[in-house]
Each structure stands twice: as structure tokens, then as C-alpha cells.
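Visitor: I have a structure to look at and would like to learn how to read it. Could you take me through it step by step?

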Amino acid sequence: MRIIAGSARGRPILAPKGQDTRPTQDYVRESLFNILQRIVPQARVLDLFAGSGALALEAISRGAEFAALVDQAPQAIVCIRKNVQSLGFEEQTAILQCKWQAALTRLVGQQRTFSLVFLDPPYRMTETGEICAEIAERGILENEAMIVIEHRKGLDPTLDNRFTCKDSRRYGDTVIHFYVYHGEDVEHA
């Protein structure tokens, strides 16, 4: 794996060994960031099931202001720390080793807000709609924040009316949905 573009272009990154982490393939990441190219510069990124950290680190390389990388697996955190250090992104990142719910509590306490969220949970998790609702209810999403959900084909997320699906792309058995968050006060038909 490598960083595809930006200040760290071509630099290698590590991925955790084993079956628990599915790193987003380079060609999928490249396509994803082509879609997000206007959103990424200056973004504040939350990578909630970070794995190797590839999505958040790609965003930092492309000009994102800050990224919080969350994972509960010790081997993932080891990789994330090594990747952050080798790329020199320590000042622009926060690494949280905990479950996603605990991470949200910590981020609320730090008064962090995010304009771009990557949600790539293990394929066995199907509650992405509930996770998005919880992120919104915690008040850490900026209005018009982009939520990028990666999941297995056939397990489409169901989000409430605070979120609008703007696009979706399929890459083999992987589907990526792009949702925009409209805030608590916006009513949609």
C-alpha cells in the first residue's frame, strides 16, 4: 500500500496482518479521492474504523487540516502509529484506541467537529445508519459534512432524513456511498 497523491505521494504505508482489517485498495482509494477532491483540502477528518489509517492519511497528504483515527484493534493502532510517524503527520493527527462509542465521547469532550467522515466498519457490522445517527446526535458533525460509507454489496445503509445520499459507486463486492449531513434543523421530504 502507498499514499497515492499529495505531499506524501508514493510513500509506503503498512497494513495490519490478519483477516480483521480490510484495507481499501489503492485503485478504490484513488477513485474515492477523485470524487472528494474539492472537499478534502482544509477538511477535519474522522476515520472511525481506521484499520491502517490509509483513508485519513491520504486526506492529510492531500491537504486536510486534521484527522482523528479511531480503531480498537491493537495491531491496527500499531500500524497507524508507524504510518503517522513515517509520514511525519503527528501534528495533524490524533489516534484513539477504543470502541467507536468511546471515541465519540472523547471527541465531544475535546470539542472537535468534522467536515469529512470515513466509515468503513468490519463487514459483519450492519448498523452503519445507527452509527451515523449517533455521530450526528453527539454534535461533532459540521453542517454539510460528507459521510463516506464503505460496505459489502447488498448491505446498503439506512440513514435518517438528516442525511442525503449524493452518490454511490461499486467496486467488485465493495460499495461506497457518499452522504451529506444537513444538520438537526433541516427537514427533508
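Visitor: In which sense do strand β1 and strand β4 pair, and over how many bridges?

Guide: Keep in mind that this is a predicted model. Strand β1, residues 44-47, and strand β4, residues 114-119, pair in the parallel sense, over 3 bridges. Within this pairing, Val 45 stands opposite Leu 116 in β4.

Visitor: What is the order of the strands in the sheet?

Guide: The sheet is open and has 7 strands, in the order β3-β2-β1-β4-β5-β7-β6, with mixed pairing. At the edges are β3 (93-97) and β6 (163-171), each of which pairs on one side only. From one strand to the next, the twist averages 15°.

Visitor: Which strands does helix α1 touch?

Guide: Helix α1, residues 26-35, packs on the sheet and touches β4, β5, β6 and β7. Its direction makes about 145° with that of β6. Another helix to look for is α3 (residues 74-87), which lies across β2 and β3 and runs at about 165° to β3.

Visitor: How should I read the interior?

Guide: In soluble globular proteins, nonpolar side chains tend to be buried together. Here the largest nonpolar core has 34 residues. Leu 32, Leu 36, Val 45, Leu 116, Phe 118 and Val 148 are those with the most contacts inside it. At least two residues of this core come from each of α1, α2, β2, α3, β4, β5 and β7. The largest share, 6 residues, is that of α2.

Visitor: Which residues does Leu 116 touch, not counting those up to four places away in sequence?

Guide: Leu 116 touches Leu 36, Val 40, Ala 43, Arg 44, Val 45, Leu 46, Met 146 and Val 148. There is also a second, separate core of 30 residues, including Phe 114, Met 125, Ile 131 and Phe 163.

Visitor: How many residues of α2 are buried?

Guide: In α2, 8 of the 8 residues are buried, so this helix is largely enclosed by the rest of the structure. Among the buried residues are Leu 55, Glu 58 and Ser 61. The cover over them includes α1, β1, β2, α3, β3 and β4. Just after α2, Gly 63 takes a positive phi of about 110°.

Visitor: How many disulfides does the structure hold?

Guide: A disulfide is a covalent bond between the sulfur atoms of two cysteines. This structure holds 0 disulfides. For Cys 79, the nearest cysteine sulfur is that of Cys 98, 18 Å away. Cys 79 is buried, with a relative accessible area of 10%. The sulfur of Cys 165 is 11 Å from its closest cysteine sulfur, in Cys 132, which is too far for a bond. Cys 165 counts as partly exposed, at 37% relative accessibility.

Visitor: What kind of aromatic pair do Tyr 27 and Tyr 171 form?

Guide: A pair of aromatic rings is described by the distance of the centres and the angle of the planes. The structure holds 3 aromatic pairs. The one formed by Tyr 27 and Tyr 171 is edge-to-face, 6.2 Å centre to centre, with 75° between the planes. This pair links helix α1 to strand β6, with its residues 144 apart in the chain. Tyr 27 is partly exposed, at a relative accessible area of 48%, whereas Tyr 171 is buried, at 14%.

Visitor: Are Phe 163 and Tyr 181 buried or exposed?

Guide: Both are buried. Phe 163 and Tyr 181 form a tilted aromatic pair, 5.4 Å centre to centre, with 45° between the planes.

Conventions. Residues are numbered from 1 along each chain as its sequence is written. This is a predicted model: local features need pLDDT of at least 70, side-chain atom pairs count only at pLDDT 80 or more; totals for chains, interfaces and linings use all residues. Side-chain values use heavy atoms; hydrogens and water are left out. Two strands pair if DSSP finds at least two bridges between them. Helices (H or I, at least four residues) and strands (E, at least two) are DSSP runs, numbered from the N terminus. Axes are lines fitted to C-alpha atoms, for helices over the stretch in contact, and angles run from 0 to 180 degrees between N-to-C directions. Contact means heavy atoms within 4.5 Å. A nonpolar core is a set of buried Ala, Val, Leu, Ile, Met, Phe, Trp, Tyr and Cys residues joined through side-chain atoms within 4.5 Å. Buried means under 20% relative accessible area, exposed over 50%, partly exposed in between (1.4 Å probe, protein chains only). A disulfide is a pair of cysteine sulfur atoms within 2.5 Å. Rings of Phe, Tyr and Trp (its six-membered ring) pair if their centres lie within 6.5 Å; planes under 30 degrees apart count as stacked, over 60 as edge-to-face and the rest as tilted.
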